[in-house]
Each structure stands twice: as C-alpha cells, then as structure tokens.
Amino acid sequence: MPNYKLISFPLCPYVQRALIVLAEKNVPFERVDIDLANKPDWFLKLSPLGKVPVLKADEEVLFESQVIAEYLDEVTAGSLHPTDLLQKARHRAWIGFASQTLSSILGLYTVKTAEEFEEKRLAVVEKFARVAEQVKGPFFAGDQFHLVDGVWGTVFRYIQTIETLGDFDFYQTSEKLRTWHNKVLARQSVVDAAPTDYSDQLLSFIKKKQGHLASFVNDQIAA
Ligand SMILES: N[C@@H](CCC(=O)N[C@@H](CS)C(=O)NCC(=O)O)C(=O)O
C-alpha cells in the first residue's frame, strides 16, 4: 500500500468523507492541516482547484473528495458501497445530493434578513424531505453502514450544531430522519472525523458571517 498523506482543513465536510473511509478501513495515513485563508505554495502546486481534501499516495496526487473516498474504499478489503451496480449508482446519486444539501446549508449563514433566512431554511427542509423518502432505516439502506451514510453524517453534523441555536424544524418531525441522524452521528468513524470542538468552531464561523443566523449565536452567548 502507498504512503498516504491527507491534506486537510479541520472543519471541512469534504475532508471528513476521506477521513471516514480511512477510519472504516483502518488505513494508516499522515494528516496535514493547512490554513485555507493562507494557502501554502506547496499546496497550491498540488491542488489544481486550491481545495482540500488532497490525497498524496506516494508521489501521486488525488483531488475531489468523492474520488478520494472511492479510491480508498476500492483499494482496501470489503466495500462501503453496495455490490449491486444499480444500487451503487443510486448511492452515488444521493451522495451528490448530500453535496447540494451542504451548499443549501451554507446558504443559511450569509443571508441578512429573517425573510431571506426563511427562504433558505425551506430549501434545506425540502432537501431533507426528498432524501427521507429514500431512507430504509436505521441507515440509508437498512442495517448496514455505507459510504452514503458517512457522507450524510457530515451534513447532519451541521444540523446538530445549528439546532443548538433554535428550533428550525429541518426534519419536520420525521422520525426516520431523526433516527438516521442519531445513528450515523454515533458511528465512531463519523465522530472521529471532526475535531472535538467542532461545534464551537462552527458557531464562531457563523458569527463572523454576521448574517441573520449570527444573531442566534449572539442570543445564545447573552443567555
Ligand atoms: N468538490 C470538492 C469540494 C471541496 C471544498 O469545497 N473544499 C473547501 C473546504 S470545505 C475548500 O478547500 N475551499 C477552499 C477554497 O475554495 O478556496 C470536493 O468534494 O473535494
């Protein structure tokens, strides 16, 4: 097996995809965190898009989290994808949808007014309602943990922190979503993929954005 080096940023949900597979498959690797606000030259030379994660496998360089996650899954025993090719393709499609959901969640941070926030909140609610129709429970495809669960875990982690600020009803009281959320967030590989102070770091990031959501962080600090 090559020597793996994962170029990372602690809060990045895409980095977490690679970390979850590395942990699930017990792959030894070295981790190098960089400051995305001040990207080192050596990183810019490696990464054509200037984005993390980047995986160095000896001297070869991979970028794009899904490519990295699937490579690591394929090069190790067992698979975090279903063997049935149609189901595998379906899992990939819902992983793509998780990336779109992450973008919708990021949209919550910057909007300034309550009205704009409500519009963005509804976009997130709609995304969860769509994926909920696909979930067998307790995991996406039943009892077994797959890559798609790990990827949605990186989405649930945002919701877990944002929910500490108020009742935004992202899951519209769906028991199935809540069970999936809890089950995935309790998985050790998912827990270990983020720093222990993730929630504090995310709240201070939201605060810096000075949008409508930041006012909830300020209220929480004042309380
Ligand atoms: N499609 C990319 C997205 C990765 C991504 O957006 N990474 C963010 C951090 S979470 C990044 O490196 N941003 C730096 C920048 O855009 O300058 C992937 O899946 O790897």
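This dialogue goes through several features of a predicted model.

Me: How many bridges does strand S3 make with strand S1, and how many with strand S4?

Reply: Strand S1 (residues 4–8) pairs with S3 in the antiparallel sense over four bridges. Strand S4 (residues 60–63) is also joined to S3 by four bridges, and these two strands run antiparallel.

Me: Which way do the residues of S3 point, and are they buried or exposed?

Reply: A residue counts as buried when its relative accessible area is under 20%. In S3 (residues 54–57), Val54 and Lys56 point one way, whereas Leu55 and Ala57 point the other way; all are buried.

Me: Where does a positive phi occur in the hairpin of S3 and S4?

Reply: Most residues other than glycine have a negative phi. In this hairpin, which has two residues between the strands, Asp58 takes a positive phi near 50°. Two further cases lie in the loop between helix H6 (147–162) and helix H7 (175–185). Asp169 has a positive phi of about 50°, and Gln172 has one of about 45°. Asp169 is partly exposed, with a relative accessible area of 37%; Gln172, at 46%, is partly exposed as well.

Me: Which peptide bonds are cis?

Reply: Most peptide bonds are trans. In this model, the bond from Val52 to Pro53 is cis, with omega near 0°. Pro53 is placed in the loop between helix H2 (41–46) and S3. Another cis bond joins Gly137 and Pro138, where omega is about -5°. Pro138 lies in the loop between helix H5 (114–132) and H6.

Me: Let us turn to the largest pocket. What is its volume, and which residues are closest to its centre?

Reply: The largest pocket has a volume of about 720 Å³. It is lined by 27 residues, and the closest to its centre are Cys12, Pro13, Tyr14, Leu36 and Val52. Helices H1 (13–24), H3 (65–74), H4 (85–110) and H9 (198–209) are the elements that give two or more residues to the lining. The largest share, four residues, comes from H4.

Me: How do the lining residues divide by type, and from which domains are they drawn?

Reply: The lining divides into 17 nonpolar, five polar and five charged residues. Domain 1 (4–74) and domain 2 (85–222) each give at least three residues to this lining.

Me: How far apart are Ile105 and Ile162 in sequence and in space?

Reply: Ile105 and Ile162 are 57 residues apart in sequence and 9.7 Å apart in space, C-alpha to C-alpha. Ile105 is found in helix H4 and is buried, with a relative accessible area of 0%.

How values were computed. Residues numbered from 1 in each chain as written. Predicted model: local features only at pLDDT ≥ 70, side-chain atom pairs only at ≥ 80, totals over all residues. Heavy atoms only, no water. Buried < 20%, exposed > 50% of the residue type's maximum accessible area, 1.4 Å probe, protein only. Pairing = 2+ DSSP bridges. 1 Å grid on protein atoms, 1.4 Å probe; cavity = no way out; pocket = protein on both sides within 12 Å on 5 of 7 lines; lining within 4 Å. Points joined across faces, edges and corners; volume = space filled by probe spheres on them. Nonpolar A, V, L, I, M, F, W, Y, C, P; charged D, E, K, R; others polar. Domains from an automatic or database assignment.
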